[in-house]
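Please keep the sequence and the model in view while reading.

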Amino acid sequence: MPHSSAVIPCLRYADPKAAIRFLTEAFGFVEKLVIPSPDGGVIHAELTYGAGETRGMVMVGGAERKFFDMHLPAEVRGVTDCLYVVVADTDAHCAKARAAGAEILEGPLDREYGSREYVARDPGGYLWDFGTYDPWKG
């Protein structure tokens, strides 16, 4: 039976429509739900990745919500965390992301714990780590 996670990252972007386009084209996410705003923007979106037991989700929204203090660029906020996504073929995934304009910061490379990974930065400044290590297994 597929599991789901009680923890779902919610990412805020200055341009959520562009972020959704990037995440689907570069990283292979799939739109599950997109709620448009009256002005043609995006109020809320849910993007899924993977299938079955390795399916995950991120939620995407706009950066205009005051309590997120998102008017500052990510570099100023000091992004030090990343989102990890399990992929079957790191090299192919990285090549697709690079072709779609992702900034590849590291890899693909083999980690000492047996994962093949690469790290990319998206246009909102978020760091993404894609790899073959699956923490749900074993």
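A salt bridge here is a side-chain nitrogen of Lys or Arg within 4 Å of a carboxyl oxygen of Asp or Glu. The model is predicted. By that definition, the structure holds six salt bridges. Three of them are listed here.

| Salt bridge | N to O distance |
|---|---|
| Glu 46 and Lys 32 | 3.3 Å |
| Asp 91 and Arg 116 | 2.7 Å |
| Asp 110 and Arg 116 | 3.2 Å |

Glu 46 pairs with Lys 32. This pair links distant parts of the chain, with Glu 46 in strand E3 and Lys 32 in strand E2, 14 residues apart. Glu 46 is buried, at 14% relative accessible area.

Asp 91 meets Arg 116 in a salt bridge. Asp 91 sits in helix H3 and Arg 116 in strand E7, so this pair ties together parts that are 25 residues apart in sequence. Both partners are partly exposed: Asp 91 has a relative accessible area of 37%, and Arg 116 has 23%. Arg 116 also bridges to Asp 110, which is exposed at 58%.

**Fold and core**

The chain has three helices and eight strands. From the N terminus, the order is β-α-β-β-β-α-β-α-β-β-β. Of its 138 residues, 36% are buried. Among contacts with a separation of 6 or more, 53% join residues 24 or more positions apart.

The largest nonpolar core has 27 residues. Tyr 13, Leu 23, Phe 27, Phe 29, Val 60, Tyr 118 and Trp 128 touch the most other members. Elements that each supply at least two core residues include strand E1 (10-13), strand E4 (56-62) and helix H3 (90-99). H1 gives the largest share, six residues. Contacts of Tyr 118 include Phe 27, His 93, Ile 104 and Trp 128.

**Surface**

The chain exposes about 8100 Å², 56% of it from carbon and sulfur atoms. Leu 33, Ile 35 and Ile 43 form a nonpolar surface patch with about 230 Å² of accessible area together. Ile 35 lies in strand E2 (residues 30-36). Ile 35 counts as partly exposed, at 34% relative accessibility.

**Confidence**

Mean pLDDT is 83, and 82% of residues reach 70 or more. Confidence is highest in H3, at a mean of 97, and lowest in helix H2 (residues 74-77), at 48. Residues 66-72 have pLDDT below 50; beyond near neighbours in sequence, this stretch has seven contacts in the model. Where pLDDT is low, predicted coordinates should not be read in detail.

Terms used: Residues are numbered from 1 along each chain as its sequence is written. This is a predicted model: local features need pLDDT of at least 70, side-chain atom pairs count only at pLDDT 80 or more; totals for chains, interfaces and linings use all residues. Side-chain values use heavy atoms; hydrogens and water are left out. Patches are made of residues with over 30% relative accessible area and no salt bridge: like charges are joined within 9 Å, nonpolar side chains (Val, Leu, Ile, Met, Phe, Trp, Tyr) within 5 Å. Accessible areas come from the Shrake-Rupley method with a 1.4 Å probe; for residues, only the protein chains shown count as cover. Helices (H or I, at least four residues) and strands (E, at least two) are DSSP runs, numbered from the N terminus. Buried means under 20% relative accessible area, exposed over 50%, partly exposed in between (1.4 Å probe, protein chains only). A nonpolar core is a set of buried Ala, Val, Leu, Ile, Met, Phe, Trp, Tyr and Cys residues joined through side-chain atoms within 4.5 Å. Contact means heavy atoms within 4.5 Å. pLDDT is the predictor's confidence in each residue, from 0 to 100. Lists of a residue's contacts leave out its neighbours within four places in sequence.
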